[in-house]
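Below are my notes on the model, as numbered points. Please read them alongside the sequence and coordinates.

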Amino acid sequence: MKVAMTVRKRVMIFAVMFVASVRQAKMTAVTISFNWRSSCSCRVRIALNLKGLDYEYAAVNLVKGEQNSPGFRKLNPLGYVPVLVDGDVLLSDSFAILLYLAEKYPQHPLLPSDLKTKAINFQANFYFLSL
């Protein structure tokens, strides 16, 4: 178990260093900060994978309180995950992120093109968001 934690920490350190190096290089890649336990984060990650977009993963350990760190609070003052950074766009609400991804990257649409079916899809999503 101790070895697994060491490997996990190394992966986390590598991910943070990688994201920092990409930001220094001023590349405009999509970066998502999330936690695997967050259903909202998983929803965004599924959308990114369905769309076939490359993204950088920045893990936020909610159990250790990393969402309360000053660096993360600069991204989202409320301390919620997920947070999406795409160039100069910063979004911290999963539904807003999904709508943004659907509009900006139209390949592999997340929503049906038929207006009636799209409206039913929104109705179902709003219902599940309200639970």
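How much space lies in the second largest pocket? The answer is about 280 Å³.

1. Basis. This is a predicted model, in which local features need pLDDT of at least 70, side-chain atom pairs count only at pLDDT 80 or more, and totals for chains, interfaces and linings use all residues. Residues are numbered from 1 along each chain as its sequence is written, and side-chain values use heavy atoms, with hydrogens and water left out.

2. The second largest pocket. A pocket here is an open set of points on a 1 Å grid over the protein atoms alone, where a 1.4 Å probe fits, with protein on both sides within 12 Å along at least five of seven lines. Its volume, about 280 Å³, is the space filled by probe spheres set on the points, which are joined across faces, edges and corners. The lining has 14 residues, and Arg43, Leu98, Leu110, Leu111 and Asn125 are the closest to the centre of the pocket; a lining residue has an atom within 4 Å of a point. Helices α2 (39-51), α4 (94-104) and α5 (115-130) are the elements that each give two or more residues to this lining. By type, the lining splits into 11 nonpolar, 2 polar and 1 charged (nonpolar: Ala, Val, Leu, Ile, Met, Phe, Trp, Tyr, Cys and Pro; charged: Asp, Glu, Lys and Arg; polar: the others, Gly among them).

3. Overall layout. The protein has 5 helices and 4 strands, where helices (H or I, at least four residues) and strands (E, at least two) are DSSP runs numbered from the N terminus. Along the sequence the pattern is α-β-α-β-α-β-β-α-α. Of the 131 residues, 29% are buried (buried is under 20% relative accessible area, exposed over 50%, partly exposed in between, with a 1.4 Å probe and protein chains only).

4. The sheet. The 4 strands form an open sheet of mixed pairing, in the order β2-β1-β3-β4; two strands pair if DSSP finds at least two bridges between them. β2 and β4 (89-91) are at the edges with a single partner strand each, so one side of each has no neighbour in the sheet. Neighbouring strands are turned by 15° against each other on average, direction ignored, with axes taken as lines fitted to C-alpha atoms.

5. Strand β1. All 5 of the 5 residues of β1 (residues 30-34) are buried, so the strand is largely enclosed by the rest of the structure. Val30, Ile32 and Phe34 lie on one side, Thr31 and Ser33 on the other. β1 pairs with β2 (residues 55-59) in the parallel sense over 5 bridges; serine 33 stands opposite alanine 58. From β1 the chain crosses through α2 to β2 in a right-handed β-α-β crossover (with the strands pointing away from the viewer, the path from the first strand over the helix to the second runs clockwise). With β3 (residues 83-86), β1 pairs in the antiparallel sense over 4 bridges, and valine 30 has aspartate 86 as its bridge partner.

6. In β2, Glu56 and Ala58 form a covered face, whereas Tyr55, Tyr57 and Ala59 form an uncovered one. β4 pairs with β3 in the antiparallel sense over 3 bridges, with valine 89 opposite aspartate 86. Valine 89 is partly exposed, at a relative accessible area of 25%. The C-alpha atoms of valine 89 and tyrosine 100 are separated by 9.7 Å, and the two residues are 11 apart along the chain.

Methods. Axes fitted to C-alpha atoms, helices over the stretch in contact; angles between N-to-C directions.
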